[in-house]
Amino acid sequence: MKNDTLLRALMREPTPYTPVWIMRQAGRYLPEYNATRRKAGSFLSLAKTPELACEVTLQPLERFALDAAIIFSDILTVPDAMGLGLFFVEGEGPKFERPVRTEQDVAKLAVPGLEKLRYVFDAIELTRRSLHGRVPLIGFSGSPFTLACYMVEGGGSDDFRTVKTMLYSRPELLHRILEVNAQSVIAYLNAQIAAGAQAVMIFDTWGGALSDRAYQEFSLEYSRRVLAGLTRHNDGRVVPRILFTKGGGTWLESMAEAGADALGIDWQTNLAEARRRVGAKVALQGNLDPMALFGTPEAIEREAGRVLESFGEGPGHVFNLGHGVSQHTPPEHVGALVAAVHSRSLGAHAA
Ligand code: CP3
């Protein structure tokens, strides 16, 4: 591989500079993404057509000197494959035709046949071939809990009232859903690894909506089971795992014990403090405020410098935003960020 800085940094090995990639780097802030999406007709047909998914995965790498590609897909492909009927309403985000709410719904739920997700594995194989070892390809999944939020709510939510009603009134039903989700995510990520994903990331976008006790029991416990079930080596190399919990700043110590090699850190968390708290257990990925990309290029460079200084010297840092890039971001500001991270971090991660 020509550039393996991401894989090395995730394993806390020395790198010549801090590798950088951007959550949602292939997305609506890029005009070429919007053009391919129009060609596909919809987000879902884009995600389900391997040639087009591969095309948009590579688009940000043509513009910016990013150190990783992330396969273009979505976390909701798994509940879609379970038969819940995923659809998108323009401006309203994802929805499910058949949410999982009653005892009968839960009883019917099962680990989906992987052939239903073949389009994801095909997109990964195709993208690996097209990358020619330029940078590593990241695979991903939602966490069992974050998937359950969408499955029970039937879409996004402000207060998670439906899934929390289940959590507090019928916890055994939610545990059953989470068990099926954990088994599904293990099979899904292992198939992504077999198809060529060189690192994997678990997005626990909504774990941060839980109380401390509920987070441990309903979110982290199932991410831990997933991590314990993942293929460790492929193609003679360790496959590093990243666990990202938005709003997870209070749980870094327990997240660091869950079996991940790296933790994704959101932008509200102090990176220096996060590093002190997890010590040498895991690498850290993050954590610029996505809105910092609306500053001038000079301000972006300064803010990138602040994140780098906050992590400090020594290996184990992957630069990223603290959450996904906004669709309103000027693309050239992402270019300014990537250049600033590379130039300002030269020599910071020697042994
Ligand atoms: O990072 C990447 O470039 C890979 C692609 C990626 C997408 N979704 C593409 C996408 C990844 C890693 C995801 C993960 C995802 N999807 C998460 C977890 C990460 C996070 O942001 O916390 C979640 C919660 C989802 C669910 C989801 N998918 C939502 C809420 C939406 C709607 C967003 C909106 O504003 O309409 C999606 C759709 C989606 N997934 C888009 C993209 C680029 C926008 C789709 C479009 O083109 O209209």
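**Exercise 1. Work out how helix 9 and helix 10 sit relative to each other, and which residues touch.**

Step 1: the axes of helix 9 (residues 161-169) and helix 10 (residues 171-195) come within 5 Å and cross at roughly 115°. Axes here are lines fitted to C-alpha atoms, for helices over the stretch in contact, with angles running from 0 to 180 degrees between N-to-C directions. Helices are DSSP runs of H or I with at least four residues, strands are runs of E with at least two, and both are numbered from the N terminus.

A quick note on the source: this is a predicted model, where local features need pLDDT of at least 70, side-chain atom pairs count only at pLDDT 80 or more, and totals for chains, interfaces and linings use all residues. Residues are numbered from 1 along each chain as its sequence is written, and side-chain values use heavy atoms, with hydrogens and water left out.

Step 2: name the geometry. Angles under 35 degrees count as roughly parallel, over 145 as roughly antiparallel, 65 to 115 as roughly perpendicular and the rest as oblique. Helix 9 and helix 10 are therefore roughly perpendicular to each other.

Step 3: find the contact (heavy atoms within 4.5 Å). Helix 9 brings Val-163, Met-166, Leu-167, Tyr-168 and Ser-169, while helix 10 brings Pro-171, Leu-173, Leu-174 and Ile-177.

Step 4: sort by class. Ala, Val, Leu, Ile, Met, Phe, Trp, Tyr, Cys and Pro count as nonpolar, Asp, Glu, Lys and Arg as charged, and the others, Gly among them, as polar. That gives eight nonpolar, one polar and no charged residues.

**Exercise 2. Describe the lining of the second largest pocket.**

Step 1: on a 1 Å grid over the protein atoms alone, a pocket is an open set of points where a 1.4 Å probe fits, with protein on both sides within 12 Å along at least five of seven lines; lining residues have an atom within 4 Å of a point.

Step 2: the lining residues include Met-82, Arg-98, Asp-105 and Lys-108.

Step 3: helix 5 (77-84) gives the largest share, three residues.

Step 4: the lining splits into six nonpolar, one polar and three charged residues.
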